[in-house]
Amino acid sequence: MLPEGGAALRKLESLPRQPSRNYRMLIDSSRVLGMCDGKEAMKQVIYKILNTERYRYVVYSWNYGIELLDLFGKPVDYVCPVLEKRITEALTQDDRITEVRDFAFETSRAGRVHASFTVVTDVGEIQAEKEVQI
């Protein structure tokens, strides 16, 4: 039973959201420079989740990252639906991401599957992609 008829819970729910400030990663030049927030920070979150193998690094929670290593050597018709499911599961672990949709797969390069998709976040929609070697 909540005290005051749930007023304490309503007060907690009405607290303002904290900003999602991050250090700005300059991926192409392998540098960290300044800070970013909003959509730019969410793009980095998506990039980091999709480029961290789940269960591999002790520093990350088991809820962080994506499982991709076991897809090597599997047929394309198996990899595409599994990749869609794993990307969705990995990204929706973050409470700022509400949905992952509009998947499109390109399999024209031998030994690679390229997935593009839309990530719906609390700061708007972000177009993202991930390529996997199989």
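## Exposure and the model

A residue is called buried when its relative accessible area is under 20%, exposed when that area is over 50%, and partly exposed in between, with a 1.4 Å probe and protein chains only. Because Met35 has 32% relative accessibility, Met35 counts as partly exposed; Met35 lies in strand E2, residues 31-36 (a strand, E, is a DSSP run of at least two residues, a helix, H or I, one of at least four, numbered from the N terminus).

The structure is a predicted model, in which local features need pLDDT of at least 70 and side-chain atom pairs count only at pLDDT 80 or more, while totals for chains, interfaces and linings use all residues. Residues are numbered from 1 along each chain as its sequence is written, and side-chain values use heavy atoms, with hydrogens and water left out.

## The largest pocket

Helix H2 (38-50) and strand E5 (124-133) are the elements that give two or more residues to the lining, and H2 provides the largest share, six residues.

## The cavity

A search of the whole structure finds one cavity of 30 Å³ or more, where a cavity is a set of points at which a 1.4 Å probe fits but cannot get out. The largest cavity has a volume of about 40 Å³, and its lining includes Thr52, Tyr60 and Trp62.

Methods:
On a 1 Å grid over the protein atoms alone, a cavity is a set of points where a 1.4 Å probe fits but cannot get out, and a pocket is an open set with protein on both sides within 12 Å along at least five of seven lines; lining residues have an atom within 4 Å of a point. Grid points are joined across faces, edges and corners, and a volume is the space filled by probe spheres set on the points.
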